[in-house]
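Please walk through this structure with the sequence at hand. We take one chain at a time.

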Amino acid sequence: MKLKSPIVVLVAGAALAVGLIAANMSVFDADSANVVASVPVPSAPITSTPPSSSPSASPSTSGSASPSASSVQVTPSVAAVATYAGKVTGGGSLSIVVKATSVIAYLCDGTNESWLGGTVDGSTLTARNKAGDTLTGTRGGGKVVGSITVDGTTWTYSTPLVKKPSGLYRATAEIRGASVVGGWIVLPDGTQVGVLRRDEVAEPAPAIDPANGAVTIDGTLVTATEPDPVQLTAG
Amino acid sequence: MSHDALPPLPESPPNPAVPAGPPTASAAPSAPAVPTGSAALIAVLLSGSAVAVMIGVYGRLHSPTGVAINIAGFSGPQEVKAWLGTVAFALALVQLVSALAMYGKLPVRAPAWTGTVHRWSGRIAFLAAVPVAVHCLYALGFQAFDTRVLVHSLVGCLFFGAFTVKMLALSRPGLPGWLLPAFGGLVFTGLTLLWLTSSLWFFTTFGVRF
């Protein structure tokens, strides 16, 4: 009896799906050398970017001829900076930036937000803030896995390494006498969330242009950049 | 080339005359008409449900990587997905029109090749949708952080389940006549919702780009 073609179509589709997932896994899941792990990996520093001489992690691409938010832009960061971003389980977006032994983490769902600062010890991340929020995590295998507690609620997360324009953005400014702090997380799928705090009053932030971090707040053009954990946690 | 038969025309509407139904307590005269292929029907529906649940569970349990292999020629995986999804949706419109023609719901007489068009546009649409779904599941996962994303995640699981039911139903004789149009409609509705909540959203949010 000849094969029935609808079944063939189903099987072909399933085979294609399995093949694609296998291809993805062979590329990404085995890629544990992506991050400085505690295991002495032969080499392969983070994202294998050669150490650049510009220590500033500013994503300013003002001179760039391609304003499109292509996901293959050159990472402006030095090799020692790793940016992770993703969703926490059942909640908002979380981005973690690690530089040297300093960590900055930002949880945001578009309405509520929390900034945390901390340190890395080996592969273990810990961060906290004055409000009592805490974050713990373990980095390795191209991601940070752990849990974060904000305002008494705990979420788990598994945030992968991301590249510009995905990642964490922060802007601080004095606008019309108000002290404004904005935070944004841009995920690899292009979604972004952000919260703006005017004199400690939070509200959803206008969207930034992921290509250059530009955002207009109260009529003033502000540029959001990836925060430097070393500077931000020093204070 | 193989020819699967045209979808059985609804010549036998869900049989009204139940000959000698089981003599169990028939409180109402409209006791559930047990179609002859009820076991087949249940098996087919269960298979589709299993596919939908499997996809959803995988999407929820597999921790999203955020990245996946890309296809050359596009600036990023989102662009690839948006366009593959658009191709699938355009073919789904072909599906709708050719199905209506086959069922005699259009004022024009369906040409003989309508069935071939229906089959091949469906196959291509399905194969275009699979890489999109793989990227969704592998890189992004089942998410619920806003309405668009939740609807997209749910309908994505539903779509492949409904498609499985429809494909299995095509190859099983003796199923009720409403099954194919119902699930064909469900597949079309699902794909439309998927397109609206992803490709259209992407194009209106980021602009039409490759």
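The model is predicted.

Start in chain A, at strand E7 (residues 143-150). In a regular strand the side chains alternate between the two faces of the sheet. E7(A) shows this pattern: A:Val144, A:Gly146, A:Ile148 and A:Val150 point to one face and are buried.

Now look at the neighbours of E7(A). Strand E6 (residues 134-140) of chain A runs antiparallel to E7(A), and seven bridges join them. A:Thr134 has A:Thr149 as its bridge partner in E7(A). The E6(A)-E7(A) hairpin leaves two residues between the strands, and A:Gly141 there takes a positive phi near 65 degrees.

Strand E8 (residues 153-160) of chain A also pairs with E7(A), antiparallel, through eight bridges. Here A:Gly146 stands opposite A:Tyr157. This hairpin too has two residues between its strands, and A:Asp151 in the turn has a positive phi of about 55 degrees.

Move to chain B. Two packed helices are described by the angle between their axes and the distance between the axes. Helix H3 (residues 114-140) and helix H4 (residues 147-170) of chain B pack at about 140 degrees, with axes 12 Å apart. Their crossing is left-handed. H3(B) contributes B:His118, B:Phe126, B:Ala129, B:Val130, B:Ala133 and B:Cys136 to the contact. H4(B) brings B:His152, B:Phe159, B:Phe160, B:Phe163 and B:Lys166. By class, the contact has eight nonpolar, two polar and one charged residues.

Terms used:
Residues are numbered from 1 along each chain as its sequence is written. Chains are lettered from A and ligands numbered from 1 in the order in which they are written. This is a predicted model: local features need pLDDT of at least 70, side-chain atom pairs count only at pLDDT 80 or more; totals for chains, interfaces and linings use all residues. Side-chain values use heavy atoms; hydrogens and water are left out. Axes are lines fitted to C-alpha atoms, for helices over the stretch in contact, and angles run from 0 to 180 degrees between N-to-C directions. Helices (H or I, at least four residues) and strands (E, at least two) are DSSP runs, numbered from the N terminus. A crossing is left-handed if the near helix is turned anticlockwise from the far one by less than a right angle, and right-handed if clockwise. Contact means heavy atoms within 4.5 Å. Ala, Val, Leu, Ile, Met, Phe, Trp, Tyr, Cys and Pro count as nonpolar, Asp, Glu, Lys and Arg as charged, and the others, Gly among them, as polar. Buried means under 20% relative accessible area, exposed over 50%, partly exposed in between (1.4 Å probe, protein chains only). Two strands pair if DSSP finds at least two bridges between them.
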